[in-house]
Amino acid sequence: MTTLASGTDTLTRDALTVLQPGFTGTTAPDWLLRRLGEGLASVGLFGRNIASPGQLAALTAQLRAERDDVLVAIDEEGGDVTRLEVRNGSSFPGNHALGAVDDVELTHQVAHELGRRLASCGVNLNWAPSADVNSDPRNPVIGVRSFGADTELTARHTAAYVTGLQSAGVAACTKHFPGHGDTAVDSHHALPRIDVSADVLAERELAPFRAAIAAGTRAVMSAHILVPALDPDRPATLSRRILTGLLRDELGYDGLIVTDGMEMRAIAGTYGIERGSVLAIAAGADAICVGGGLADDATVLCLRDALVAAVRAGELAEERLAEAADRVRALARWAGTAGSPAESTHGTEIGLHAARRALTVTAAPGLGSPHTFEPLTEPPYVAALTPVANIAVGDETPWGVAAELIHLLPGTVTGSFSAGDGPGTEAGENAGRAALQAAGPRRIVAVVRDEHRHPWMASALDALLAARPDTIVVEMGVPQAAPRGALHIATHGAARVCGRAAAEVITGGVRAGG
């Protein structure tokens with residue numbers, strides 16, 4: 001497509017305004033600053049853009065020197081999905097841990113503190129929380145990002161999270177509408193399909209979004225999922241029936257609608273990002289998120305020009321594009337009047353406190369209660385049975401209990417084991433045998449993540465427990481498999497504080513429940 005001449009006409013500015021692009025580097029590139037001057041109103045940040053709180057504050061100040069009302073967005077869920085602490089792991093447990101505690105005031109406090117930290121760094125839009133009801137335990141992309149499989153629990157904690165985050169002056173973006181929980185496909189790789197009736201959707205998937213809307217969520221993110229009961233032809237992000245007919249007209253939502261990343265294969269692989277972006281705005285979306293994998297000026301210009309060309313060709317109503325741009329500017333005005341973040345009222349340790357409360361500790365039969373467990377005093381061997389990370393979580397963020405056990409018991413030795421080239425029982429047995437050999441005489445702490453979704457992992461654990469029944473098992477995913485091991489600790493997430501809480505129990509530092 002031929003690039004249009006750069007300009008400041010209303011149509012071109014509106015087309016730039018609806019884009020939420022990312023970029024590479026820890027300082028803003030010249031092209032990004034130039035586009036902010038031409039009408040770009042939002043920027044998305046990812047782990048690659050963040051080195052420290054001070055650097056992040058300097059980066060957002062650099063952006064605001066070019067445009068003082070810019071929306072600075074981030075994908076900071078806490079828990080497994082963290083950008084603020086991408087290199088060390090999050091100081092906050094994720095949604096599943098908060099759902100396990102089921103204390104809505106705690107959820108509000110955690111979200112407020114997370115929002116306070118974002119605001120202090122100049123971030124004013126958070127692509128969180130996930131309001132998905134994790135009804136399919138095989139779900140490869142939501143899992144511990146969900147508050148749980150119970151609709152009402154998910155709804156009340158979604159509302160508490162929204163109000164907590166926004167009380168710190170950071171706009172919440174509730175996702176992934178109309179609900180990404182009942183799928184075994186990751187939309188980063190393909191287009192998931194949810195085959196349930198409209199009645200089930202209304203009672204289960206939509207309830208948390210109704211709660212978020214009632215709580216005043218400033219933004220909602222669409223899902224790249226096909227829901228035939230609502231629209232048999234187009235995924236939610238591109239469906240006027242879903243974004244306008246359902247979300248706007250039926251649910252009465254009038255805030256910003258943001259797409260999930262348009263470079264994800266569920267959209268890019270079928271429609272392409274240019275056509276997909278035009279269809280999304282036409283369907284009722286107001287902001288196009290792109291930048292998780294595509295982060296350059298060429299992408300921004302390509303999408304800007306595609307939107308302008310669609311208006312000129314009569315494929316996209318100019319009024320619809322103008323309405324979308326106006327909603328972006330309205331959110332920017334709200335963010336500009338939200339005020340400076342207050343000092344913490346809950347303490348900076350609220351995340352660790354929540355992680356401790358989220359633990360579920362089960363002792364093996366015959367051992368008695370977990371409180372009679374003899375804490376480890378000698379450095380153990382930590383065998384991490386490691387699955388492939390999904391794209392939303394990323395593989396750059398450390399997880400597990402090893403770092404915390406090394407701190408508490410210097411001399412702890414660690415190893416990581418996976419299915420290798422061959423999935424299934426044989427690969428799992430090989431991983432188990434390799435862990436046994438590496439451990440030698442040391443006590444073993446086996447760390448798993450969604451054992452129920454990985455047959456090889458269950459087989460590896462079988463091998464470990466058959467040879468070493470005194471093995472301690474730490475489950476850092478959804479604890480769907482039956483507890484086993486001399487001591488089984490379910491953390492309900494893999495944030496750094498979840499590993500810290502588990503390590504404290506293993507060494508007798510702090511009991512579960514705080």
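This is a predicted model: local features need pLDDT of at least 70, side-chain atom pairs count only at pLDDT 80 or more; totals for chains, interfaces and linings use all residues.
**View 1**
Start with helix α1, which spans residues 10–17 and is mostly covered. Of its 8 residues, 6 are buried. As you look along the helix, keep a general rule in mind: an α-helix has 3.6 residues a turn, so residues three or four places apart point the same way.

**View 2. A128, a buried residue in a loop.**
Here we zoom in on A128, found in the loop that links β4 (125–126) and α6 (151–166). Is A128 buried or exposed? Its relative accessibility is 0%, and buried means under 20%, so A128 counts as buried. Setting aside neighbours within four places in sequence, A128 has contacts with E76 and E77, with Y161 and L165, and with A172, C173, T174 and K175. Take K175 from that list: 47 residues separate A128 and K175 in sequence, yet their C-alpha atoms are 6.5 Å apart in space.

**View 3. L256 and the residues it touches.**
Next comes L256, which sits in strand β7 (residues 256–258). With a relative accessible area of 2%, L256 falls under the 20% cut-off and is therefore buried. Which residues does L256 touch, not counting those up to four places away in sequence? They are Q20, R218, A219, V220, D286, A287, R327, V328 and L331.

**View 4. Strand β14 and its two partners.**
Our last stop is strand β14, residues 487–490. In a regular strand, side chains alternate between the two faces of the sheet. In β14, L487 and I489 point one way, while H488 and A490 point the other way. All of these residues are buried. How does strand β9 (residues 360–363) run relative to β14, parallel or antiparallel? The two run antiparallel and are joined by 4 bridges. Within this pair, V361 stands opposite I489. Strand β13 (residues 472–475) is also joined to β14 by 4 bridges, but these two strands run parallel. There, I472 is the residue that stands opposite L487.

Key. Residues are numbered from 1 along each chain as its sequence is written. Side-chain values use heavy atoms; hydrogens and water are left out. Buried means under 20% relative accessible area, exposed over 50%, partly exposed in between (1.4 Å probe, protein chains only). Contact means heavy atoms within 4.5 Å. Two strands pair if DSSP finds at least two bridges between them.
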